[in-house]
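You asked for a quick read of this model before you set anything up with it.

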Amino acid sequence: MEYEAVIGLEVHIQLLTKTKIFCPCSTDFGATPNTHVCPVCLGMPGVLPVLNKQVVEYAIRLGEALNCKINRFSRFARKNYFYPDLPKGYQISQYELPILEGGYVEIFIDGEYRQIALERIHMEEDAGKTIHKSDGSYVDLNRAGVPLLEMVSMPVMHSPQEASEYLRSIRKIVRYLGICDGNMEEGSMRCDANISIRPKGETKLGTKAELKNMNSFKHVEKALEYEIERQIAAVENGEKIVQETRLWDEKAGITKSMRSKEEAFEYRYFPDPDLVPILIDDEWIERVKREIPELPKARMERFVKEYGLKEEDARILTDDKILADYFEEAAKASNNPKSVVNWILSELLGHLNRENKSIEDTIIKPEHIAELVGLIDKNTISGKIAKTVFKEMYVSGDAPGSIVEKKGLVQITDEKAIEELVVKIVDANPKAVEQYKSGKKNTIGFFVGQVMKETKGKANPKMVNEILMRKLEEK
Ligand SMILES: [Zn+2]
């Protein structure tokens, strides 16, 4: 039988606010455990939470970018459960009235755009962190009360690749919006996946498993792939799939049953009496809307139109806002944006990728890429020498013009000088000339090589070729 996987994702986005969602404690990552805490986030009795307005603004920003319905009235609810890293005994979240509903995330897969429908996005606080060591378990509450947006997709994805493209799109958008750094490895973007299988053509949903503990795009894909195979094998064996939470074991490459999955009613949600409902008016939405920067797809389309780029190149550039900004700065300083793209995509990213670095790490200034392209276009240096110059720029961060000058790399375009050299080399190699004359036209490569060796690669290659041909024909 043929099966179809049905996947829905729950993504937690950690917001880049300076302070926590209900208290003035810092959200900085990596501080000494339990130093960013106060009576509110420690869950002391008798304290009152106060909502951080920035969290609501960021939610509106995301809602606008994803075409969600922004609820004018929403409120917080208590999600009750017991765990050592949750001292209050409940997490403040939103339940029956979330701030955002509907909307979609656009993904690009198999050469086309697809919309992944969203069910809802709600605001909530993060819990603390439990760290298990050999001598015991420790609780760090620095993260307790850090603001999150939880995005719940509809169960409309059918392949692991689709799921990871969906995550990549979210990462891209939240980074453009400046509301989250999208770092899955550090946990500022976390993902749980609900996955079930059903016979192809069936419309009813099968029993789902919830997968946790996947901290990179690659692991989300791997875990889903494994789980699809596991469920199909179980069904084919006549076993019943049970609703449960499963942990992805990165080292073993398998998912393991953790516990049976709770139903929502087990959390005994109820409206939080300590917090007033959130009211949002049109004016507020309009103001936030004006602060939203150009989003990736619009920017990609503009790059194609404004700079004449290939769609594929424009897409790679706009995948990352910092890379797109870098390109645009370089392109504005140049009158040859197409060449600028090539240098950024093949040389600069090539060098960075080899060192496992990203565009933030380069010391080459964008205007220096423009300057390098200008030097080639003006025939000051050849494309080949430009690569040598680039390598120097990559290490020192110096301007290409000054590198060319310092190292004496200016291209030789003096026709007489090249001609003299060509004559000298032709005369010194009668055997090669004979070969050329006998029809072995590719012997010309040998002569070009000799000229380049003599000039340390600085002779204008086009002129060398032309003069060589002429001189050899004259022989
Ligand atoms: Zn606090």
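The points below go from overall shape to domains, cores and strand pairing.

1. First, a reminder on what you are looking at: this is a predicted model. Everything below is computed from its atoms, so read the values that way.

2. On overall shape, the C-alpha trace of the protein chain spans about 95 × 55 × 50 Å along its principal axes. The chain carries 15 helices and 17 strands. Its radius of gyration comes out at 30 Å, while the globule rule gives 23 Å for 475 residues; 30 Å is well over that, so the chain is more spread out than a compact globule.

3. Packing next. Of the 475 residues in the protein chain, 35% count as buried. Taking the contacts with a separation of 6 or more, 68% come from residues 24 or more positions apart.

4. The chain divides into three pieces: domain 1 covers 3-287, domain 2 covers 294-406 and domain 3 covers 415-474. Between domain 2 and domain 3, the centres lie 34 Å apart, taken over C-alpha atoms. Who makes the contact? Four residues from domain 2 and four residues from domain 3. On the side of domain 2 that touches domain 3, you'll find one nonpolar residue, two polar and one charged.

5. Now the cores. Which residues touch the most other members of the largest nonpolar core? Ala59 and Leu62 do, in a core of 67 residues. As for secondary structure, helix α2 (residues 160-177) gives the most to this core, with eight residues.

6. Setting aside neighbours within four places in sequence, Ala59 is in contact with Ile99, Leu100, Ile121, Met123 and Leu149. There is also a second, separate core of 32 residues, and its members include Leu317, Ile369, Val373 and Ala386.

7. Strand pairing is worth a look around β12 (residues 189-199). Strand β1 (residues 3-14) runs antiparallel to β12, and eleven bridges join the two. Within that pairing, Glu4 stands opposite Arg198 in β12.

8. β12 has another partner as well: strand β13 (residues 209-214), also antiparallel, with four bridges between them. Here Ile195 stands opposite Ala209 in β13.

Key:
Residues are numbered from 1 along each chain as its sequence is written. This is a predicted model: local features need pLDDT of at least 70, side-chain atom pairs count only at pLDDT 80 or more; totals for chains, interfaces and linings use all residues. Domain bounds come from an automatic or database domain assignment. Two residues are in contact if their C-beta atoms, placed from the backbone, lie within 7 Å. Ala, Val, Leu, Ile, Met, Phe, Trp, Tyr, Cys and Pro count as nonpolar, Asp, Glu, Lys and Arg as charged, and the others, Gly among them, as polar. A nonpolar core is a set of buried Ala, Val, Leu, Ile, Met, Phe, Trp, Tyr and Cys residues joined through C-beta atoms within 7 Å. A residue is buried if 20 or more other C-beta atoms lie within 10 Å of its own, exposed if 12 or fewer, and partly exposed in between; C-beta atoms are placed from the backbone. Two strands pair if DSSP finds at least two bridges between them. The radius of gyration is taken over C-alpha atoms; the globule rule is 2.2 Å times the number of residues to the power 0.38.
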